[in-house]
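Here are a few exercises to work through with the model open beside you. Try each task before you read its solution.

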Amino acid sequence: MAANDTIADMLTRIRNANLARHQTTNVPSTRLTRSIAQVLKNEGFIVDFEENGEGVKRNLLIALKYKGRTRQPIITTLTRVSKPGLRVYANRRELPRVLGGIGIAIISTSSGIMTDRDARRRGIGGEVLCYVW
C-alpha cells in the first residue's frame with residue numbers, strides 16, 4: 001500500500017501497535033523514518049529498531065517499550081503537526097515545548113532531524129513534524 005505521508009503512516013502504525021500491546025511493528029523504511037526512529041530511541045520511547053529487507057521492500061522493525069507488569073505503553077500520544085497540506089514551521093524563538101518539557105517535538109532542521117531541546121540548544125528552527133509524549 002502506497003502512502004503519501006510516510007510520517008503519518010509511521011506514527012499510526014506505532015500508535016496502533018501500542019494500543020494492541022504488540023512487541024514490534026513494521027514501518028516502511030526511508031531516510032526520514034530511520035531518523036525519526038533514531039530520535040525516538042535516543043529519547044527512550046522505543047527499545048530499538050533494525051532495518052530488514054532489501055531494495056524497495058526495506059522495512060524498519062521497531063521494538064516498542066512498555067512499563068510495569070501491566071504493560072502500559074511508554075508512548076501515550078503521537079500527534080502529527082506539520083501535514084502535507086499545511087506545513088508548520090517554527091524559528092528558534094518559537095520552538096514549542098510539549099507538556100512543559102515532559103514530551104518532545106520532533107523538528108526537521110537544516111542540520112537533520114532532532115528534538116526541540118536540541119534545536120533550541122543549537123539555536124536553529126525548522127519544520128515541526130510531530131509531538132510525542
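## Exercise 1: The overall layout

Read along the sequence, the chain runs α-β-α-β-β-β-β-β-β-β-β-α-β. The radius of gyration is 15 Å, close to the 14 Å that the globule rule gives for 133 residues, so the chain is as compact as a globular protein of that length. The radius is taken over C-alpha atoms, and the rule is 2.2 Å times the number of residues to the power 0.38.

A word on the source: this is a predicted model, in which local features need pLDDT of at least 70 and side-chain atom pairs count only at pLDDT 80 or more, while totals for chains, interfaces and linings use all residues. Residues are numbered from 1 along each chain as its sequence is written, and side-chain values use heavy atoms, with hydrogens and water left out.

**Task.** Find how many helices and strands the chain has, and what span its C-alpha trace covers along the principal axes.

**Solution.** 
- Step 1: count the elements, which are DSSP runs numbered from the N terminus (helices: H or I, at least four residues; strands: E, at least two). There are three helices and 10 strands.
- Step 2: follow the C-alpha trace along its principal axes; the span is about 40 × 40 × 25 Å.
- Step 3: look at contacts (heavy atoms within 4.5 Å). Of those between residues at least 6 apart in sequence, 59% join residues at least 24 apart.

## Exercise 2: The nonpolar cores

**Solution.** 
- Step 1: Buried means under 20% relative accessible area, exposed over 50%, and partly exposed in between (1.4 Å probe, protein chains only). A nonpolar core is a set of buried Ala, Val, Leu, Ile, Met, Phe, Trp, Tyr and Cys residues joined through side-chain atoms within 4.5 Å.
- Step 2: The largest core has 25 residues, and Ile14, Ile36, Leu40, Ile46, Ile62, Ile106 and Val132 touch the most other members.
- Step 3: Helix H1 gives the most, with five residues.
- Step 4: look beyond this core. Another core, of 10 residues, lies apart from it, and includes Ala105, Ile107, Ile124 and Val128.

## Exercise 3: Cys130

**Task.** Is Cys130 buried or exposed, and which residues does Cys130 contact beyond four places in sequence?

**Solution.** 
- Step 1: locate Cys130 in strand S10.
- Step 2: check its relative accessible area, which is 0%, so Cys130 is buried.
- Step 3: list the contacts beyond four places in sequence: Leu11, Thr79, Arg80, Val81, Ile104, Ala105 and Ile106.
- Step 4: take the C-alpha distance to Ser82. Cys130 and Ser82 are 48 residues apart in sequence and 7.0 Å apart in space.
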